[in-house]
Amino acid sequence: MADTTVMEKLVSLCKRRGFVFQSSEIYGGLGSVWDYGPLGVELKKNVKDRWWRAMVHARDDIEGLDAAILMHPRVWEASGHVAGFTDPLVDCKQCKNRFRGDDPRIKGTPGEPDAQCPVCGTRGSLTAPRLFNLMFKTFMGPVEEQAAVVYLRPETAQGIYVNYQNVLNASRQKVPFGIAQIGKAFRNEITPGNFIFRTREFEQMEMQFFVAPETAGEWFERWREWRMQWHKDLGLTPARLQWHQHGPTELAHYAKAAFDIQYEFPFGWQEIEGIHNRGDYDLTRHQEYSGKKLDYFDQAANRRYVPFIVETSAGADRVALTTLVDAYREETVEGETRVVLGFHPGIAPIKAAVLPLVKKDGMPEVADRLYHDLRAAFPCFYDDSGAIGRRYRRMDEAGTPFCVTVDGETLKDGQVTVRDRDSMQQVRVAQAQVGAYIRERIG
Ligand code: ATP
């Protein structure tokens with residue numbers, strides 16, 4: 001299967017089965033903005049819930065936060081986004097990289113046919129430089145004037161930095177500790193694309209860990225290990241995950257070190273999460289711009305310092321896409337193609353389908369009761385239409401790990417057939433035990 005075909009098939013499956021729809025589709029769609037359908041919203045929610053459990057509930061050194069999307073405009077001056085995002089930018093239409101207009105590596109004049117992309121080497125693919133701010137601007141209050149400009153946040157991290165002391169004061173935390181947040185971010189990307197990989201509105205799962213400066217290196221290494229393990233625990237194929245270390249040209253000027261976790265998508269190795277040792281840049285800048293002291297007093301050591309920050313920053317949409325790509329497979333079974341989304345059961349949108357073999361002989365009544373019992377414990381689906389083989393295939397395509405079939409025998413022996421999505425093996429399980437059987441396997 002050609003790699004581009006995989007993405008095309010996946011995009012079409014996502015629409016057909018209700019994972020992802022184009023935004024405002026009946027009006028022709030809105031560029032690189034997507035909506036999650038009934039299955040997609042469950043998938044993304046499961047990804048976010050697993051992240052929240054691992055980062056907040058399972059640890060006693062991280063607190064949760066939900067900061068507003070709109071923030072004081074000075075925040076974006078302090079963070080560097082106002083200045084940093086208004087440079088003249090040049091895009092390569094071929095490899096989608098973006099450069100500053102004055103990048104010394106560019107040969108020729110951007111916008112002209114002779115100009116050559118410094119990354120992919122294509123000639124004539126560079127756009128003319130244009131002043132471009134990645135942040136979406138809007139106005140607060142009734143008057144549309146410069147003084148009323150506010151931005152839709154381009155990252156969730158700043159909401160954490162500006163609340164660092166509030167959280168510290170309100171909780172019993174001491175450095176080292178972290179603050180985690182999941183929320184929407186907006187970037188007016190010039191070259192978005194690849195389905196939900198790069199969009200203009202997306203969700204981030206970010207955690208900022210505040211540490212004593214001399215310990216930042218160790219914490220950085222720990223967080224690298226934990227975050228890679230989290231992606232593996234999500235069921236992603238380990239061979240399709242790798243580290244990418246930022247070289248001197250990629251590293252932000254203030255950053256001490258940065259590594260990306262990359263996944264091998266059909267369109268190449270790409271970042272799904274960044275782990276950064278940001279030094280004391282963020283708190284120092286906010287201290288400077290707000291005039292408020294943001295240092296930390298370490299009572300035990302009797303010293304004051306501005307904490308260093310180790311950041312872990314993942315995209316919920318990008319991780320959801322990764323789980324879809326990783327789960328997608330086609331198999332030939334008895335001469336027919338079977339399309340399967342082999343999700344880790346913990347993130348599958350529907351955990352089990354309940355299927356009466358036929359719509360008669362008391363089977364629908366038993367199946368209906370079972371369905372209502374099971375759906376009290378986890379998301380289930382009831383399907384009584386079409387041949388049983390076709391119903392199994394529909395559930396394979398939705399990534400449902402278990403199908404529970406009520407047949408003629410059930411009425412006699414009280415047992416149902418539980419079919420495993422991946423092995424297609426069927427086992428008989430007592431009706432009263434089937435909930436526990438599935439719960440044990442969905443993690
Ligand atoms: P990229 O180089 O892909 O633009 P970035 O380095 O700008 O990403 P960060 O600012 O480090 O990304 O953001 C952290 C995470 O947020 C990324 O790893 C990614 O998962 C997610 N993310 C960033 N931009 C987008 C976007 N436009 N659409 C979807 N997810 C995004």
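1. Helix H10 (residues 363-375) lies across E19, E20, E21 and strand E22 (415-420), and runs at about 160 degrees to E20. Contact denotes heavy atoms within 4.5 Å. Axes are lines fitted to C-alpha atoms, for helices over the stretch in contact, and angles run from 0 to 180 degrees between N-to-C directions. Helices (H or I, at least four residues) and strands (E, at least two) are DSSP runs numbered from the N terminus.

2. The model is predicted: local features require pLDDT of at least 70 and side-chain atom pairs pLDDT 80 or more, whereas totals for chains, interfaces and linings use all residues. Residues are numbered from 1 along each chain as its sequence is written, and side-chain values use heavy atoms, with hydrogens and water left out.

3. Helix H11 (residues 388-398) lies across E19, E20, E21, E22 and E23, at about 170 degrees to E19.

4. These five strands form an open sheet of mixed pairing, ordered E20-E19-E21-E22-E23; two strands pair if DSSP finds at least two bridges between them. Strand E20 (380-382) and strand E23 (426-430) are the edges, each pairing on one side only. From one strand to the next the twist averages 25 degrees.

5. Within the sheet, strand E19 (residues 352-356) pairs with strand E21 (residues 402-406) in the parallel sense over five bridges. Proline 356 has valine 406 in E21 as its bridge partner.

6. Overall, the protein chain has 13 helices and 23 strands. Its C-alpha trace spans about 75 × 65 × 50 Å along the principal axes. Of contacts between residues at least 6 apart in sequence, 63% join residues at least 24 apart.
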